[in-house]
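Subject: Handover of a structure and notes on its contents

Dear colleague,

Please find below the structure that I am passing on to you. My notes on what was found in it follow directly after.

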Amino acid sequence: MKQQQQHSKKLTALFLVFALVLSLTNGFTAKAAGTITVTLRVEQDAQTLLSPVQITLTEEDLNKDYGIGLATDSAATLSPLRALAKYMAENRGATEETMNRYIMAEPSYYGGLYMSGISMDGQTDGSASTESLSDVYWSYAVNNTVGSVGISEAALSDSDDIVIYGLWSPYPAEDEVLYSFFEKSEYTATVNTPLSLTLKTRGSNWVPDEENPDLWNEIPYEKGVAGATITAAEYTDGNSTATEQNASLTARTDDAGTAALTFTKAGKYVLSASRKAADGIHYDISRPYAVITVAEASSQSPKVTPSAKPTAAPTAAPTASPEETPEVKAPAKPKSVSAVAKNKKDARHSAFFKKNNVRVIWKKVKNADGYRIYASRKKKKGYKKVTDVKKKSAATLTELPKNFREVYIKRKKGTWYIKVRAYKKNGKKRIYGPYSKPAKVKVKEK
């Protein structure tokens, strides 16, 4: 009996050792499985700062803050910002002591880090725009979808494609475009045969809930980017980029975001696109990226009917391209914007508000076809469209001067910031001017 007990203890000990070894093996296997390889690209205005490169991230990278305060605890993630930091450390010579000269990051109000600048050489100011402007920002997209969480919080997966891009306007309306991409990352074509390309964007519209107007629903969309210039340049190596300055071929997208390129020379090309903003100086879409391989045409010639006689093409007067529309100048920035909340203690004052509780007033802009009103809880970000103003409001608290406009809107209780900007119609498209300065208003009643 005693021998059986000893034998049983030996078996138990062996089992425990085996279980311990198995757990350690599984642990190492899990760490190995946590290694991912992603593709990273960085764009700024109308230039590429970093052509697509592959970066391998491991669980060991979660233990590094790279000198910019990335999380290293249980909240750490293999994020786009961590991928950028690792690239800077391995390829640009950035250290923990100097990383803040390459990546400008600071704690975000919503948690994690907010990135305010990128300098590929550690020398520039890291601005998101090539021009000196206060309204510039950096954002990112993963697999052509703009991130919905902070750049240091988004968790990446193996084979993800990351684009970090900088633009000059941080407050998009729902009919504007910021991030853009081609339908494919690689194309093939034949010499002298038109290739059709579509430039797209994804975003969301916010619309009031039908049952509860105080709630807003997010409606995702995907559409073509109109009025962009697609550029193709010869591909020489992985650092090749396409700009309007080195382009071998250019084309302009129509209202559906489609354009045709016809190559006359076989070879490999890199594709991108850009679009000027309303001010005619800056750019309002991120640069996309694709590669195209162009092959020689088939040596077989089409059969010609003997009886067919060549005829000269009729001479026609040159006409404008159907996608081109006359240039329209963007309207100026609205001034003297103010907002006042409904006051239930003043019966006459309240009567004009009807179902709304905020009155917005601003000075007219010359040659404007209309105005768009935006609101946000934060002074410097988060502005969403509230309404468009095309006609003068019927009711006024006081007689407005001829050069002022007004509108009544509805907001929940709390502090709000209101902005206004004018637009000019250009065919079916609206050309928006700059945003006004924000007007602050405190709402005490619905």
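Glu-296 is exposed, since its relative accessible area is 59%; exposed means over 50% relative accessible area, buried under 20%, and partly exposed in between, with a 1.4 Å probe and protein chains only. This is a predicted model, in which local features need pLDDT of at least 70 and side-chain atom pairs count only at pLDDT 80 or more, while totals for chains, interfaces and linings use all residues. Residues are numbered from 1 along each chain as its sequence is written, and side-chain values use heavy atoms, with hydrogens and water left out.

Glu-296 belongs to the loop that runs between β16 (290–295) and β17. Strands here are DSSP runs of E with at least two residues, numbered from the N terminus. Leaving aside residues up to four places away in sequence, Glu-296 touches Thr-190, Val-191 and Ala-266, where contact means heavy atoms within 4.5 Å. Its C-alpha atom is separated by 9.0 Å from that of Thr-264, which is 32 residues apart from Glu-296 along the chain.

β17 takes part in an open sheet of three strands, with the order β17-β18-β21 and antiparallel pairing; two strands pair if DSSP finds at least two bridges between them. The edges are held by β17 (338–341) and β21, each with a single partner strand, so one side of each has no neighbour in the sheet. Between β17 and β18 (residues 358–363), the antiparallel pairing extends over four bridges. Ser-338 has Ile-361 in β18 as its bridge partner.

Glu-406 lies in β21 (residues 404–409). In contrast to the exposed Glu-296, Glu-406 is buried, with a relative accessible area of 1%. The side chains of Glu-406 and Arg-359 make a polar contact at 2.7 Å, a term for a pair of N or O atoms within 3.5 Å; within protein, one must be able to donate a hydrogen and the other to accept it, and residues adjacent in sequence count only if both atoms are side-chain atoms.

As to aromatic residues, the structure holds six aromatic pairs. Rings of Phe, Tyr and Trp (its six-membered ring) pair if their centres lie within 6.5 Å, and planes under 30 degrees apart count as stacked, over 60 as edge-to-face and the rest as tilted. Phe-263 and Tyr-269 form a tilted pair, with 4.7 Å centre to centre and 45° between the planes, and both residues are buried. Tyr-165, Tyr-179 and Phe-181 form one aromatic cluster.

Yours sincerely
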